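Please open the model in a viewer and follow the stops below in order.

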Amino acid sequence: MKNSINSLLVSFLLLPILGFSFASESWAQNYSWQQEVEYVMDIDVNVEAHQYTGTQQLIYRNNSPDTLHRVYYHLYFNAFQPGSMMDVRSRTIADADRRVQDRISTLKEDEIGYLHATSLTQNGKPTSFSEEGTVLVVDLAEPILPGGTAVFEMEMEAQVPIQIRRSGRDNAEGIEFSMAQWYPKMAAYDEDGWHPNPYIGREFYAPFGSFDVTIHMDKRYVVAAGAVLQNPQEVGHGYERPGDPLSLPQGDKLTWKFRSENIHDFMWAADPDYRHTTLQMENGPLLRFFYQADPVAVNAPADRQADLVKNWESLPEYTARTFEYANNKFGVYPYPEYSVIQGGDGGMEYIMGTLITGNRSLQGLVGVTIHEFMHSWYMGVLGMNESYYYWMDEGFTSYATDEMMSTLFEGSPLSGYGGYYRLAQSGLEEPMSTHADHFITNAAYGLGAYSKGAVFLGQMKYIVGEPVFDQAMLRLFEEWKFRHPKGKDVLRVFERESDMILDWYYEYFVQTTKSIDYAIESVESIQEGQSVITITNEGTMPMPLDVLITFKDGSVEEHYIPLQIMRGEKPAENQDILRTIQEDWPWVEPTYRFYTDRAVSEIAEIVIDASGRLADINRSNNRWTAE
Ligand SMILES: [Zn+2]
């Protein structure tokens, strides 16, 4: 492993400095408002009962041009009750998530989750509020005018459910508190109105703002969070205060104060057995790691326990290297800290931190860590509505993860193609414009989000070319950071950066399930020393084509066939290959011919898209070889 770290180091040093400045023209200038929240929460945790009570003050700024008469909060913990929408959905969908299945239906009273508002005022006046499953509907005491602010004061009580999905107590690896989606969270309001989706175990979307969170907790527990601890000198446990908190009198609690800004979620976790280590990156955040260092507590087969701890011990180095790569390639991580925390049920992202399970191979542990921290770019800083843009959230994250993993371990940077091909041939595919909760199967959602979403980018790179693509990814991050970009906003960044019209790509690939299949139909001599190549479009979606001809003498020619509707051309990606830009292909034409000034007898092979980035669902007819 040392070797691969060293070679990785070298490749980072060789990365070009991607410095560039933006023109004064802003490409996101039509985006004029978004809502804003300031949370101040104070909770007291009863660790024996796994319950807490507390207060929440929420300052809500209505930056919209609309007058609001209602607001909605999410109460996610209420999903973990028999008969909840999440329970019913999981028991009735054809291919249930194995982590959930019918487990919610069997929870006992002291195992369910709940989160209740026991009082709620607006600007000191009582509101009328009612719980509808995981959504709190609030009829306001007075309307919030455009540009107006409301101060909500809430008292709450909650019980932490047995760990089933993402959040909960006593996860499979012995972590006692995995605390995600644990507080009443204001729903998102944007130009499309309110988004108070009932929680059925899937996506999130919320306004940006700040969180001040105070947690009173039994002194034995180490508290980890996706936020910056404000009183490290008071708590110990590997934070700043020297000495052992356990030397405090029996029964005492510690008070933990956290703060985060420019963010739209707050996650924390707590366990008495956490080992806490840190790594300060030179040009980046302070990285924190919280994991079970006690082999008994790790809850893994005896022969694997030592390896698991070793994997965690080498994780900081891998995390720092890849964070650096991401900063250069995808935009600079803007927060002061990032926490990798053992907990949850797999891997789940929370902007300044992640909950991951840790009983994994080194490659698995590094892979899940990279995937989850890349979500800080695609979901966190670019705070898209995940219910509609899960394919950006999961797809862009998967794309970036596979690119980074291929620099660390054996593997292909071509992210998602295998999964997408399976999806396209499965008969289950639904358009990526489908709301995440409304897919008929989990499989179609999963492959659509992670695989086809990644292919959206891989193929975008194929269409606009790698240099333009790299610039556009940085531009996307700079233009849209701390905002809520939509799919078309991403498309516009690529259009402007490439000087191409790409609406057709979005329409076909995101909004339909049409697919690509080009074929080399024939290669024929037409006269001495000249050949004609005929390509047919056998698919239902058009694409520009890179056709590579390899001659028997070893020389190669690239023939680039732009689509006419792009009104532009991809610049050459490889300066060492002779490249001919052919006539535009008007997409209505089922066939296309072009010529090469060499005889058929000289040609060894012709390939449509030698790079593998065109998502052609039938690649067997993409290649012609001399007999
Ligand atoms: Zn993800």
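**First stop: a tyrosine**

Select Tyr-421, which counts as buried because its relative accessibility is 17% (buried means under 20% relative accessible area, exposed over 50%, partly exposed in between, with a 1.4 Å probe and protein chains only). The model is predicted: local features need pLDDT of at least 70, side-chain atom pairs count only at pLDDT 80 or more, and totals for chains, interfaces and linings use all residues. Residues are numbered from 1 along each chain as its sequence is written, and side-chain values use heavy atoms, with hydrogens and water left out.

Tyr-421 belongs to helix H7 (residues 417-426); helices are DSSP runs of H or I with at least four residues, numbered from the N terminus. Leaving aside residues up to four places away in sequence, Tyr-421 touches Leu-614, Ala-615, Asp-616, Ile-617 and Arg-619, where contact means heavy atoms within 4.5 Å.

**Second stop: the zinc ion**

Next, select the zinc ion. Its protein donors are His-371 (NE2), His-375 (NE2) and Glu-394 (OE), at 2.0 to 2.1 Å; donors are N, O and S atoms within 2.8 Å of the metal (3.2 Å for Na, K and Ca), and sites may look incomplete because water is not among the atoms. The spacing of these donor residues in sequence is H-x3-H-x18-E. His-375 lies in the loop between helix H5 (362-374) and helix H6 (386-408), and Glu-394 in helix H6, so the pair ties together parts that are 19 residues apart in sequence. Both His-375 and Glu-394 are buried.

Finally, display Leu-457, Met-460 and Val-464 of H8, which meet Leu-491, Phe-494 and Ser-498 of H10.

Conventions:
Helix = DSSP H or I, 4+ residues; strand = E, 2+ residues; numbered from the N terminus.
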